Structures are given as structure tokens and as C-alpha cells.
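Q: Can you walk me through this one? I'm new to it.

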Amino acid sequence: GARLGVSRFPFIFTSFFFFSLLTLVSHRFISWNVGGISSSVKRFKILQALRRHRASVACLQETHLNAIEHQKLQKAWVGQVFAADACHKKGGIAILVAKSFAGTLVQLHADPGGRYLLLKGQLQGMEFYLLGVYG
């Protein structure tokens, strides 16, 4: 079944002011192998769960979605959606970023086979990378 992992971004950076550290900790990062979300009902339930858990950034693995289906995901999510499209209904990664996320993210690379997605971000002047992988 699908498993939901919630993290409070447990890193501590000594070079940050206390305010910056609080900003990092206040974001909720979720990683979830959804086992396919082609069904509009399942997609709705997944997005509803992400909202309920107040996800700032959610990495969904094994979406099984193509480019058109990822656009439907974008319409249903309030914020940004980055995606590596599935190849023949296998794989697929989507990283959803809530509108409330205080940082910025840009896509650097999406695997054509839908196995990984690399984003570069900035939050409170700190540069970071997010890598979504489906193995």
C-alpha cells in the first residue's frame, strides 16, 4: 500500500540566525509512494491528505502520470507542480510545492524515464537541492 512519510526538516545550520532556523523548521516535507494516481478519485484523496497534513513540499513517487495527467494535478493543487513523466505507466515523480512555501524552487532536470526529478531552491538566502527518486 501507499506509505506516507512526514519530516520536519531536522537539519540544524549553525550559520543561520534563529529566525532563519525557525523558518526552515516550520515547513513540512512529505514523501509518498502513491502507487499510481491516474484515477481522479485517488488523486483527489491524495491531495486532500496532503492539505490535511499541511504539506509545504510533497514528493510523490510512482505517479504513473503522463504530461497531460500532470497538468490535471497542477489544476487541482494550489501552488507549483514539478514532474518527471512516467514511461509506459511505470514510474513518474511529482514534487508539489504549496503556495505558502516561503522559498523558491526551479526545475533543473527531469529524467525522461520518470525515475528522478532534481530541483534547486532558495529559502532565507540558503540554496538547497531537492531530489525526488523512484527506484
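This is a predicted model: local features need pLDDT of at least 70, side-chain atom pairs count only at pLDDT 80 or more; totals for chains, interfaces and linings use all residues.

Q: Which residues touch the most other members of the largest nonpolar core?
A: Leu50, Leu60, Leu73 and Leu96, out of 18 residues in that core. A nonpolar core is a set of buried (under 20% relative accessible area, 1.4 Å probe, protein chains only) Ala, Val, Leu, Ile, Met, Phe, Trp, Tyr and Cys residues joined through side-chain atoms within 4.5 Å.

Q: Which element gives the largest share of this core?
A: Helix H2 (40-52), with four residues. Helices here are DSSP runs of H or I, at least four residues, and strands are runs of E, at least two, numbered from the N terminus.

Q: Which residues are in the second core?
A: That separate core has 17 residues, including Phe29, Val57, Cys59 and Phe101.

Q: What does Leu73 touch?
A: Leaving out residues up to four places away in sequence, Leu73 touches Ile37, Arg43, Leu47, Leu65, Val81, Ala94 and Leu96. Contact means heavy atoms within 4.5 Å.

Q: New topic. Is Ile93 buried or exposed?
A: Buried, with a relative accessible area of 0%. Ile93 is found in strand S5 (residues 93-98).

Notes. Residues are numbered from 1 along each chain as its sequence is written. Side-chain values use heavy atoms; hydrogens and water are left out. Buried means under 20% relative accessible area, exposed over 50%, partly exposed in between (1.4 Å probe, protein chains only).
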